[in-house]
Amino acid sequence: MSDPNELSPSTPEQPERPVPTLPPGATAPRRVGTLPPGFASGTKTPASAPGPADARPHPKPAKLAGLPEGPGAPAVLPPRPAMPPAGGDGGGSASAADRKAWATDQDVRWCPGCGDYAILAAVQRLMPELGIERENTVFVSGIGCSSRFPYYMNTYGFHSIHGRAPTLATGLKTMRPELDVWMITGDGDALSIGGNHFIHLLRRNVNLQVILFNNQIYGLTKGQYSPTSEPGKVTKSTPYGSLDHPFNPLSVALGADATFVARAMDRDPKHLTDVLRRAYQHEGTSLVEVYQNCNIFNDHAFEVYTEKATKPFSTVYVEHGKPLVYDQGRKGLRLDGLRLEPVDLTGSAFSADDCMVYDETNRELAHLTIRLFDAPEHLPRPFGVFYVEQRPTYDALVQQQLAEVQALRGPGDLRALLHAGETWTIGNN
Amino acid sequence: MPDTSAPSFDDVPRDLPVETLPAATILFAGDSGDGIQVTGAQFTIATAMAHNDLATLPDFPAEIRAPVGTTYGVSGFQLHFGSVDIRTPGDEVDLLVAMNPAALKVNLHRVRRGGAILVNTDAFDARGLELARYDTNPLDDPALKSAYQVIEVPLTTLVREALKDSGLSHKDIDRSKNMFALGIALWLYQRPLEAAVTWTEKRFAKKPEVLAANLTLLHKGYHYGETVEAFAVRYEVAPAAMPGGTYRAIRGIEALALGLVTAGVKSGLPVFYGSYPITPASDLLHELAKHKVFGVVTYQAEDEIAAIGSAIGASFGGVLAVTGTSGPGMALKTEAMGLAVMTELPLVIVDVQRGGPSTGLPTKTEQSDLLQAVFGRNGEAPMPVLAASTPSDCYETAYEACKIAVDYMTPVIVLADGYLANGSEPWRIPDPDALPDFPVAFATPKQAVREGEVAVVDAPDERTPEDNDARFLPYVRDPQTLARPWARPGTRGLEHRIGGIEKQHETGNVSYDPANHQLMVRLRAEKVDRVRQTYAPTAVNGADEGDVLLIGWGGTRGAIEAAVERLAAKGRRVSSIHLRNVWPLPDDLAPIFDRFAHLVVPELNNGQLIRLLRDAHLRPFIPLDKIQGLPFRTAEIEAFVDALLDQE
């Protein structure tokens, strides 16, 4: 290239492609008023990236309809609105138009059949019914398939770097506590490369919601085992089987003193939506692990929990104040010493009254329940909200301390600050 | 000098001759637990109050309490003060205060021939000598006493005697002996006692018995000087002719903190500082944590990556975000720096450099992170780099970095170093109104555009947030700075998504388009290049032309300019320039280079700025590298230039 300011001559030869994914304001070609000299010549607004976009219908541009009038972000954190009753598939009373307002005009690029679609739909369904506003909502993610999520939410969004979403979310929420912050992450992102940030986010109890997409595999890097993959798993990086012991994300979370710990799955959208709603209501870091099927690299991983034939006796849904009963009332979990033991409720030996009544404020019980994990062939996998604790949030404490110091010492005076300590004067100044 | 600075109890001075010096250098040295740094800081304040110009060099081991009496546990505090312009902590020591044999062993080579050495003879016992690996007592060596003026003081004995009725434990008494030494030094150089008294009263306000003991020792030390006939002469260092104004002594790290607070006030933004403790940058966290009344939030993150990540998150939220660290932490932050480049968010990254690589020399100074700062990221990830040159220059550099960051929507690196951070000098306190405000204009809903409209920053007024067909384009650029708009979450109509994946020009959407990538790489580079618009013209220190131009950056300024002065006094035709804006390099250097025969680049590294200069200017730059964890001595630069010119 002779002129360093010239773009590659190949630019004009790019095949013309329809640009359906561009927002209306960016449709090419048009005059670009803000380019510096040397950049404008021959420049087109680039087309959308190549991809399987044509295989799917293009969503129409989202409308901003239905938003109430009013100023932008409130200066003070308002109390979260009371939730309307849930109803219908996945719950929520939001109209289709309301839901659409929360979707962007970007093509969703997950593989067809991916469990992520169901989670996205659940979130988009939930948002309008929360009575919140798009401009006060921020989705922050790390890296991985799930972390593309913010691009599909018509809110503020930040797709950051691998494992670091908790750090960005913490900085943002600490300084802007009036915003609703949601964090999207996966089993590799949160538990492997970002494990450190994950535990520190939970112990600080920053007031935000974490949706952890657990598919027990690395999807975006094309199928290596993850820290939640079962031992012996054969993947590209473990052709003779994985030797790693997997951990249970919710046990990690409880160990890190998380204040809201829950599990749901992509194939049960109504329950997922209910759990997400409760996560939103909780003041503090709300962790929702979602079992999410990766139909490309780890298909059927959660089949036993999602398919009609096996789901009843393979899963137990915990509910505060209700006995741990599953398999349509045929089975239950009874406290036997320091462990939960499955019992048959169809005979005369045990009834639902013998089963453990779930108490989501009981940390020890939450521990026991979450550990229904180690012998999956004998025990049902639990879903629901396992633990809720009220503890001051980090962001609120930071703002409170600022306010206290400012109330005590008055507003900052720059001149006084610069002159602090021992000073001396030369001349007449 | 005002009369008030004369100590009130110095009314029966021994009839000692007083020698007037233009400048002097003192080095206090002892165990890291001996209170050496406190002693040095106190002498510094007393000297500042006597209106001398000064520069200091604290030099301490990385170990918090290294084994007592060992050479590797020696902590030092060097202070150069004078009635003349003081630019460095001093090349040669005039008075070494050695609290033990190890302190003598480590520092003797720094004392000028004929200089004075004050030793605590009590520490030169068999055990002390053995710990310092002395086979024989150096105080018995006639050569030592012929080369230096050795002042032998049984410090431990004197201190124990003075405090025998104090009720303090032996341990506490022995720990206070630095105050006795401070008293002697203050007497010897006719420093006022008031500042040290005031400081001691404040420090031990809650421990009256310790306070009383410390004040007793301070005064006993002072009187010891005049009663004991150990000293042949007292020294006087007259006040320096400094510009009028109100002064305080300031360390570079304090000045950095004040600069950041000032930038917050001037921009109207809250300041967020995310950091993970690391030597020698931790004090920036400590300083900023004090300033909550200015709305400064400090966040001690779980690691270096979290520190910068939280700052990027805060910046996305519309806050003046800063992170600080030293070299190893910079290495950990690099991926996130690239994210800040890609998302074009304002961010200031302070790197207080230390000796490297790896853990390197945590408490020693070096300038070896320059190339890391300029180039050390994956991909094409340019960002402006500024370097502070003196402790007080740290203030303006921090302010300028913040202003560039928000004006250009870019991460900016500020390079300081251990010497600047811990060194102190008198600071003429600036008028806070003299620095301009830079109120930040966040994007407004009217910046959203309809289909077919030209995307411009200054959009028509009739746009309303409820305009359903309008879209906000987060990567439309200001025509002058190429900065993209800063849209604060919470603003209706500006909802947008950003991230580390390549951005489509203007829309900010994910784009893998080849031509777009090239365009965006060029735009980001051009934006950083345009930061040059903010530069002041490069100033030449000394004559505009000559035989040698010294080209410096960062904390070497004092030594370089002192060398220029000495060389010029000898008739050498030597000048210097000093770069605050290290990257992008100023574009007015070539005409300056043309006017000098030799271009010498002194650096505390293995040649880093010189590589940037050669790349841009293709000239035979001459390296002058020192990589010893120590700042330049003026004489080293002077000798190098002398040799260069003499070989012609």
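This is a predicted model: local features need pLDDT of at least 70, side-chain atom pairs count only at pLDDT 80 or more; totals for chains, interfaces and linings use all residues.
Chain B has 648 residues, of which 64% count as buried. Over all chains there are 28 aromatic pairs, and the count of cavities of 30 Å³ or more comes to 10.

**Chain B overall**

- Chain B contains 21 helices and 22 strands.
- When contacts in chain B between residues at least 6 apart in sequence are taken, 76% of them join residues at least 24 apart.

**Aromatic pairs**

- The structure holds 28 aromatic pairs over all chains. One of them is formed by A:Trp424 and B:Tyr247, with ring centres 5.9 Å apart and planes at 15 degrees. Planes under 30 degrees apart count as stacked, so this pair is stacked.
- The pair joins two chains, because A:Trp424 belongs to strand β12 (residues 423–426) of chain A, and B:Tyr247 to strand β9 (residues 245–251) of chain B.
- Both partners fall under the 20% limit for burial: A:Trp424 is buried at 5% relative accessibility, and B:Tyr247 is buried with a relative accessible area of 3%.
- A second example is the pair of B:Phe593 and B:Phe621, which is edge-to-face, with 5.3 Å from centre to centre and 80 degrees between the planes.
- This pair links distant parts of the chain, its residues being 28 apart. B:Phe593 is in helix α19 (residues 589–593) of chain B, while B:Phe621 is in the loop between α20 (609–617) and β22 (622–625) of chain B.
- B:Phe593 counts as buried at 1% relative accessibility, and B:Phe621 is buried at 4%.
- In chain A, ring pairs connect A:Trp110, A:Tyr117, A:Phe139, A:Phe149, A:Tyr152, A:Trp182, A:Phe213 and A:Tyr280 into a cluster.

**Charges over rings**

- B:Arg484 lies over the face of B:Tyr475, at 4.8 Å from the ring centre.
- B:Arg488 is placed over the face of B:Phe442, at 6.0 Å from the ring centre.

**Second largest pocket**

- The second largest pocket holds about 880 Å³ of space. Its lining consists of 33 residues, and those closest to its centre are B:Thr390, B:Ser392, B:Asp393, B:Glu425 and B:Pro426.
- Two or more lining residues come from each of these elements of chain B: β3 (53–59), α15 (393–408), α16 (418–422), β16 (424–428) and α18 (557–569).
- The largest share of the lining of this pocket is that of β16(B), with 5 residues.
- By class, the pocket lining has 14 nonpolar, 9 polar and 10 charged residues.

**A:Thr137**

- A:Thr137 is in strand β1 (residues 137–141) of chain A.
- With a relative accessible area of 0%, A:Thr137 is buried.
- Apart from neighbours within four places in sequence, A:Thr137 is in contact with A:Trp102, A:Ile132, A:Thr155, A:Tyr156, A:Asp180 and A:Trp182. A:Trp182 is also one of the residues in the aromatic cluster of chain A.

**A:Gly232**

- A:Gly232 sits in the loop between β4 (209–214) and α6 (249–255) of chain A.
- The relative accessible area of A:Gly232 is 41%, so this residue is partly exposed.
- Not counting residues up to four places away in sequence, A:Gly232 touches A:Gly241 and A:Ser242.
- From A:Gly232 to A:His245 the separation is 13 residues in sequence and 9.2 Å in space, C-alpha to C-alpha.

Technical notes. Residues are numbered from 1 along each chain as its sequence is written. Chains are lettered from A and ligands numbered from 1 in the order in which they are written. Side-chain values use heavy atoms; hydrogens and water are left out. Helices (H or I, at least four residues) and strands (E, at least two) are DSSP runs, numbered from the N terminus. Buried means under 20% relative accessible area, exposed over 50%, partly exposed in between (1.4 Å probe, protein chains only). Contact means heavy atoms within 4.5 Å. Rings of Phe, Tyr and Trp (its six-membered ring) pair if their centres lie within 6.5 Å; planes under 30 degrees apart count as stacked, over 60 as edge-to-face and the rest as tilted. A charge sits over a ring if NZ of Lys or CZ of Arg is within 6 Å of the ring centre and within 35 degrees of the ring normal. On a 1 Å grid over the protein atoms alone, a cavity is a set of points where a 1.4 Å probe fits but cannot get out, and a pocket is an open set with protein on both sides within 12 Å along at least five of seven lines; lining residues have an atom within 4 Å of a point. Grid points are joined across faces, edges and corners, and a volume is the space filled by probe spheres set on the points. Ala, Val, Leu, Ile, Met, Phe, Trp, Tyr, Cys and Pro count as nonpolar, Asp, Glu, Lys and Arg as charged, and the others, Gly among them, as polar.
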